Structure formats: C-alpha cells, structure tokens
Amino acid sequence: MSKSVYSLVLTDEVVEAVDRLAYTMGISRSGFIDRILAERVSFTTPEMRINDIFDSLNRYFSAAKENFIVEPGDQSMLIRSSLKYKYNPTIRYGLRIFRGSEKTMGEIRVNFRTQSAELREKMEEFLHFWAMLENEYTAKYIKGKIRYIISEGKLTREFTLPEEYNNKTTEETGEAIAEYIRMFDDVLKCYFACDSEREARTKAAEKFVGYLESGIAII
C-alpha cells in the first residue's frame, strides 16, 4: 500500500492540537492525521491493523497465568518473563510487525541482561537447540528456511503467518503470535529446569512436539 505527499491548508490551532495528541500516542503528525481520516471513511490502514494486532497481544498476555509483563511501543511491543534460574534473569521478547505486505510478517528478538558468562553460554545452547527443533519439526509447515541470528545468547527470528491468516481477524492473528511466544517461553523454562543437558533436550523436545500436536499455528 503506497503513500504520497499531499498539500493541505489547515488551521494553526488545529495542527497544534493534532501535534499534542500525536505526541501522547507516540506517532507522527502525518500518521495521526492518516489514522483520523481512515477512521472517518471506514478504511483500515496497515498501521491500524498492526495496532489492532498489538491490542490483541496485550489482552492475551494480560490474561495469561504466567505473569508476563507487557510494554507497548510505537509499532512494537516488549514482553517480559521471569526465569527461575541462577541470578533470576528476566527474558525479554521484543516484537515488531512489518508494514507493507499482504501477509503478516514480523520479527521476534529474545534477549536478557546478565553478567554471567555461564548463563549466556547455556542460553546460547538452548537457542541453537530451539532452531534445530523448529527446522526438524516444522519444515513441512513452512515454505523456505526460517531466518535466525543467534549471538551471545540472543536470538533474532523473522516470521510469517500461514496464508490462511490473511483472511483471519486481527484478534486471531494476535493470538497466534502470542501463542508462539508463550510456547517458546514454556519450552525455554522446561529446558532450564533440568539438571543435565541430555534431560533438558529430551523434555524440551517433548514439550515442543506437544505444542505442535495441539494445533498451534506455525509462524
């Protein structure tokens, strides 16, 4: 969906009021005006759809039993989860949804703050194991190879929802993304709760496969 530059004559006081509201919402003047006009003519812009998806994610995690903490941003979201392990690190899931595509595409970043080299090493072991699990068990559901960047215990992963989600509601789309993050968080905690790497890999793999068999959306 393209955008163009248009010249408009507006009252100064109206623009000042628009700027104040746009600032409180964390968006630009153009973005705010575009949203107002779209709502007036009953048109859903890509930005409005993305915001609706984030609203759905916010509702999902606010109602979850796992005590996720959600911090909405401008076209982004940060979800925090506490890991019961040495030093009690907080796992941070950064989520972005890309504009300009008919498909729902985005990026998930997983990281945490710690001074422990041991914890960073264990996290990186898990992230490589997670990538192996996904490539082994989800290849038949996803076209092409999943793109990962794993470095120093941090992961960046791109995602695309299945084609059937092109016709689903933003509520259903948000729920699919939220369930993926919840699955990742649950498998991660299962892995870290085990005493040995062998036990961790076995139990984490079983839990991952269990989610797939339950019908979770593969993104």
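View A. K203 is partly exposed, with a relative accessible area of 40%. Here, buried means under 20% relative accessible area, exposed means over 50%, and partly exposed covers what lies in between, using a 1.4 Å probe and protein chains only. This is a predicted model, in which local features need pLDDT of at least 70 and side-chain atom pairs count only at pLDDT 80 or more, while totals for chains, interfaces and linings use all residues. Residues are numbered from 1 along each chain as its sequence is written, and side-chain values use heavy atoms, with hydrogens and water left out. K203 forms a salt bridge with E199, and the closest N and O atoms are 3.0 Å apart. A salt bridge here is a side-chain nitrogen of Lys or Arg within 4 Å of a carboxyl oxygen of Asp or Glu. The two residues are 4 apart in helix 6, so about one helical turn separates E199 from K203. E199 counts as partly exposed, at 28% relative accessibility. Elsewhere, salt bridges that share partners join R96, E107 and R109 into one network.

View B. The closest N and O atoms of R201 and E197 are 3.2 Å apart. This pair too is 4 residues apart in helix 6, and about one helical turn lies between R201 and E197. An α-helix has 3.6 residues a turn, so residues three or four places apart point the same way. Both partners are partly exposed: R201 at 31% relative accessibility, and E197 at 40%. Helices and strands in these legends are DSSP runs numbered from the N terminus, with helices being H or I of at least four residues and strands being E of at least two.

View C. In the one shown here, R182 pairs with E66, and the closest N and O atoms are 2.8 Å apart. R182 lies in helix 5 and E66 in the loop between helix 3 (46-63) and strand 1 (69-73), so the pair ties together parts that are 116 residues apart in sequence. R182 is partly exposed at 28%, and E66 is partly exposed at 30%.

**View D. D185 and its buried polar contacts.** D185 sits in helix 5 (residues 170-192), and it is buried, with a relative accessible area of 2%. Its side chain makes a polar contact of 2.7 Å with the side chain of Y93. A second polar contact, of 3.0 Å, joins the side chains of D185 and S81. A polar contact is a pair of N or O atoms within 3.5 Å; within protein, one must be able to donate a hydrogen and the other to accept it, and residues adjacent in sequence count only if both atoms are side-chain atoms. S81 belongs to strand 2 (residues 76-82) and is buried, at 1% relative accessible area. Leaving out residues up to four places away in sequence, D185 touches F68, S81 and Y93. With that same exclusion, S81 touches F68, P89, T90, I91, Y93, D185 and K189. Contact means heavy atoms within 4.5 Å.

View E. Helix 4 (residues 117-137) has 21 residues and reaches 30 Å from its first C-alpha to its last, close to the 30 Å expected. That expected span is 1.5 Å times one less than the number of residues. Which residues of helix 4 are buried? They are L119, K122, M123, F126, L127, F129, W130, A131, L133 and E134. The cover over them includes strand 3 (90-97), strand 4 (105-112), strand 5 (148-151), strand 6 (154-160), helix 5 and helix 6.

**View F. I218, in the segment after helix 6.** I218 follows helix 6 (197-213) and is buried, with a relative accessible area of 15%. Not counting residues up to four places away in sequence, I218 touches T138, Y141, I142, T160, P162 and L212. Its C-alpha atom is separated by 8.4 Å from that of A176, 42 residues apart along the chain.
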